[in-house]
Amino acid sequence: VALLIRALTRVSQPPPAWHYLIPFKFVLEFFSARKEIRIFSTGFLFLRKLVLDAARDIGEGENRQVRDAEVEESIRGWCSSNKLYSEDMHQKQLVLATLLFDHYSAMLKAEGKNYESLTGGAYETRAGYESFLRKLTAAEREIDRVVVEMRAGDARLRAQMSVKQQAINTIREKYK
């Protein structure tokens with residue numbers, strides 16, 4: 001978790017300009033940033049990819065109950081492997097998974113060639129899409145809160161989570 005957040009913090013706070021004047025420092029910074037971005041992306045996108053694959057498979061005719069059970073077990077395993085398992089965390093992850101599943105299912109059924117046209121087809125109104133984004137943000141913040149709680153209220157982690165949330169909100173604002 002700390003690596004995930006550190007990667008986002010690194011991206012949101014570029015290195016000082018003098019780092020680029022020293023060739024080896026630039027190379028080290030470049031590879032270190034790339035590694036941390038990959039770690040963050042893998043962690044952040046795990047649930048999203050898992051749920052997207054399930055939504056696609058169910059849309060193609062797979063049994064929903066079977067896929068839901070597989071998703072639930074994968075979430076449990078991921079949380080355990082990252083030393084983040086608790087019943088509360090598992091439930092929060094399932095809430096997020098359900099929210100994402102509904103969104104991805106609607107997007108997969110919508111017609112369009114870009115994100116804007118797909119969201120327009122998936123949601124009847126702009127307010128409906130914005131409601132989804134509010135629920136998504138609230139679910140993600142709940143998960144972040146539980147992570148901080150599980151790490152004994154670590155102030156540094158709390159600050160890093162805040163940076164992550166701000167970065168995600170900035171990106172979402174661009175696509176509203």
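Analyst: Here are some labels, each set against its definition. This is a predicted model, where local features need pLDDT of at least 70, side-chain atom pairs count only at pLDDT 80 or more, and totals for chains, interfaces and linings use all residues. Residues are numbered from 1 along each chain as its sequence is written, and side-chain values use heavy atoms, with hydrogens and water left out.

User: Why is A110 called buried?

Analyst: A110 has 14% relative accessibility, so it counts as buried. Buried means under 20% relative accessible area (1.4 Å probe, protein chains only).

User: What does A110 touch?

Analyst: Leaving out residues up to four places away in sequence, A110 touches L118, G121 and A122. Contact means heavy atoms within 4.5 Å.

User: How far apart in space are A110 and G120?

Analyst: They are 8.2 Å apart, C-alpha to C-alpha, and 10 residues apart in sequence.

User: What is the volume of the largest pocket, and which residues are closest to its centre?

Analyst: Its volume is about 510 Å³. Of its 19 lining residues, F44, R48, Y115, I171 and R172 are the closest to the centre. A pocket, on a 1 Å grid over the protein atoms alone, is an open set of points where a 1.4 Å probe fits, with protein on both sides within 12 Å along at least five of seven lines; lining residues have an atom within 4 Å of a point. Volume is the space filled by probe spheres set on the points, which are joined across faces, edges and corners.

User: And what is the volume of the second largest pocket?

Analyst: About 170 Å³. Its lining includes V51, R64 and F101.

Definitions and conventions. Buried < 20%, exposed > 50% of the residue type's maximum accessible area, 1.4 Å probe, protein only.
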